[in-house]
Amino acid sequence: MANAETARVAEIGVIGGSGFYSLLEDVTEVRVDTPYGPPSDSLFLGEIAGRRVAFLPRHGRGHHLPPHRINYRANLWALRSVGVRQVLGPCAVGGLRPEYGPGTLLVPDQLVDRTKARVTTYFDGLPLPDGTVPNVVHVSLADPYCPVGRAAALKAARGRDWEPVDGGTLVVVEGPRFSTRAESLWHQAQGWSVVGMTGHPEAALARELELCYTSLTLVTDLDAGAETGEGVSHDEVLRVFAANVDRLRGVLFDAVAALPADEDRDCLCTKALGGMDPGFELP
Ligand SMILES: [Zn+2]
C-alpha cells in the first residue's frame, strides 16, 4: 500500500503479540513496506476508545522471528508511516531481583544495551534505496522512555488493581539464549531490574523518529542468578505470559485511551532531533 493511502490511518502503535488485538472487532490488515525492507508482519488496524491503533506482531504471526532477526528499523518506520506517533512496547522479561517474581509488571525508566549484532540506528551513513544519505545525527537517549506514556501505563495498571513497579532498568541481551548464571549475577550486581531481548533497539529507533515510546515489561520468570533452580525455560516463559496476557491487554487498552492526542504531545520525544536535518524525510 502506498504511503498516500495509508497516511494517518493510525495514531498509536502497539508492538506485541497477537493476543493484544485478536479480540478486537473490525481489525484491518495492511501490508506496509519500508526502505529497510518489510516489518515483522502486516499492521493490524483497530480502534480502542475512539483511538486508532496499529498492532504489529513483533515476532511475526506464528512467532517465527527470534529477537536478533527482527527488523526493528522497518517496524518503527512502518508504524510512523501510517501516522503512529506514540508506541507502547510490551515485552516478556526475566526478573533480576527475587521480589520481581513472575506476574510482576514493571514500567522501566532506564535501559542498558548489551546486544551485539543489531542495526540500532537510522543514521548509519548508508544511502537509502532512493539514494538519499542520512546525515550524521546523535539523539539523546538519556531518558529512553516517554514520561507521558509511562505515566499512562502506570495509571492504567493501577486502575486494574495491578500495582506496577514504577521505574527500573531493563537490560537487553542479544539472545536467543538466556543468560548464564554469571551473566545474570553480574546484571543483578549492577542494580539492574529486568532482562529482556527485544527492548533495544526499539526505544532508540523510536527516539530517532521522534516517536514516543513506552516499555511495559511483564516478568515471566526469575533470571538464572535470581533463583536457585534450573534456570529459565522457554515453556515457563510462555506459560506465565499466557496467564497474564488478558490483564496486560486490559492495561494496554486503558493506556491507549489515556495517551494524549497528537497535537497535545509536548514531551522530550517530540524534539529528539532538535531541528537537526536527518538528511531524509521522516515517514
Ligand atoms: Zn513522548
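**Why is it called that?**

Me: Why does Asp221 count as buried?
Reply: Asp221 has 25 C-beta neighbours inside 10 Å. A residue is buried if 20 or more other C-beta atoms lie within 10 Å of its own, exposed if 12 or fewer, and partly exposed in between, with C-beta atoms placed from the backbone. So Asp221, with its 25, is buried.
By the way, this is a predicted model: local features need pLDDT of at least 70, side-chain atom pairs count only at pLDDT 80 or more, and totals for chains, interfaces and linings use all residues. Residues are numbered from 1 along each chain as its sequence is written.

Me: Where does Asp221 lie, and which residues does Asp221 touch?
Reply: Asp221 is part of strand β11 (residues 212–222); a strand here is a DSSP run of E with at least two residues, a helix is one of H or I with at least four, and both are numbered from the N terminus. Leaving out residues up to four places away in sequence, Asp221 touches Gly94, Pro102, Val232, Glu236, Val237 and Val240. Touching means that the two C-beta atoms, placed from the backbone, lie within 7 Å.

Me: What makes Met197 buried?
Reply: Met197 has 21 other C-beta atoms within 10 Å, so Met197 is buried as well. Met197 sits in the loop between β10 (194–196) and α5 (199–208). Its contacts, again without residues up to four places away in sequence, are Pro67, Val172, Val173, Gly175 and Pro176.

Me: Which residues does UniProt list for "binding site"?
Reply: The unreviewed UniProt entry lists Met197, Asp221, Leu222 and Asp223. Such annotations may be inferred rather than shown by experiment.

Me: How do you know that β3 and β4 pair?
Reply: Two strands pair if DSSP finds at least two bridges between them. Strand β3 (residues 43–48) and β4 have five, in the antiparallel sense, and Leu45 stands opposite Ala54 in β4. Strand β1 (residues 12–16) also pairs with β4 over five bridges, in the parallel sense, with Val14 opposite Phe55.

Me: What makes β4 mostly covered?
Reply: In strand β4 (residues 51–57), five of its seven residues are buried.

Me: How do α3 and α6 pack, and what is that angle called?
Reply: Helix α3 (residues 147–159) and helix α6 (residues 234–258) pack at about 130°, with their axes 8 Å apart. That makes α3 oblique to α6: angles under 35 degrees count as roughly parallel, over 145 as roughly antiparallel, 65 to 115 as roughly perpendicular and the rest as oblique. Residues making the contact include Ala152 and Lys155 of α3 and Val251 and Asp254 of α6.

Definitions and conventions. Axes fitted to C-alpha atoms, helices over the stretch in contact; angles between N-to-C directions.
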